[in-house]
Amino acid sequence: MQTEKDKYIFGVVKVGEKGQIVIPKEAREVFGIEPGDSLLVLGDRTKGLAIVKTQIFDSAVNDVFK
């Protein structure tokens with residue numbers, strides 16, 4: 001569900017016994033997440049977790065070193 005431009009609520013996920021979650025299909029489609037993609041998990045005790053494609057992170061790092 002899109003709440004505002006470029007802001008979404010994809011629903012609730014449950015953490016399995018092995019700490020795994022399933023990223024909702026709509027979220028995978030919006031962000032172009034495909035099987036085999038690497039994701040970076042970032043955390044802030046106050047703000048929570050963020051998951052980004054490492055491809056985006058790699059691009060940002062490369063821009064810094066250009």
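Is D6 buried or exposed? D6 has a relative accessibility of 57%, so D6 counts as exposed. The cut-offs are these: under 20% relative accessible area is buried, over 50% is exposed, and in between is partly exposed, with a 1.4 Å probe and protein chains only.

Before going on, a word on the model. It is a predicted one, in which local features need pLDDT of at least 70 and side-chain atom pairs count only at pLDDT 80 or more, while totals for chains, interfaces and linings use all residues. Residues are numbered from 1 along each chain as its sequence is written, and side-chain values use heavy atoms, with hydrogens and water left out.

I will start with the charged pairs. A search of the whole structure gives three salt bridges, where a salt bridge means a side-chain nitrogen of Lys or Arg within 4 Å of a carboxyl oxygen of Asp or Glu. D6 takes part in one of them, with K5 as its partner and 3.7 Å from N to O. K5 is exposed as well, because its relative accessibility is 70%.

Another salt bridge joins the side chains of K25 and E29, at 3.9 Å from N to O. Both residues belong to helix α1, residues 25-31, and they sit four residues apart, about one turn of the helix. Helices here are DSSP runs of H or I with at least four residues, strands are runs of E with at least two, and numbering goes from the N terminus. K25 is exposed at 55% relative accessible area, and E29 is exposed at 54%.

Then there is D37 with K53, a salt bridge of 3.6 Å, N to O. This pair links distant parts of the chain: D37 is in the loop between α1 and β3 (39-44), K53 is in strand β4 (residues 48-53), and 16 residues separate them. How exposed is D37? D37 counts as partly exposed, because its relative accessibility is 33%. K53, on the other hand, is buried, with a relative accessible area of 14%.

K53 brings us to the strands. Strands β3 and β4 run antiparallel and are joined by six bridges; two strands pair if DSSP finds at least two bridges between them.

Last, the aromatic rings. Rings of Phe, Tyr and Trp (its six-membered ring) pair if their centres lie within 6.5 Å; planes under 30 degrees apart are stacked, over 60 edge-to-face, and the rest tilted. By this rule there are three aromatic pairs. Among them is Y8 with F31: the ring centres are 6.5 Å apart and the planes are at 70°, so this pair is edge-to-face. Y8 lies in strand β2 (residues 7-8) and F31 in helix α1, so the contact ties together parts 23 residues apart in sequence. Y8 is partly exposed at 27% relative accessible area, and F31 is partly exposed at 48%.

F31 also pairs with F10, edge-to-face, with 6.2 Å centre to centre and 70° between the planes. Here the link runs from the loop between β2 and α1, where F10 lies, to F31 in helix α1, 21 residues apart. F10 is partly exposed, with a relative accessible area of 27%.

Which residues form one aromatic cluster? They are Y8, F10 and F31.
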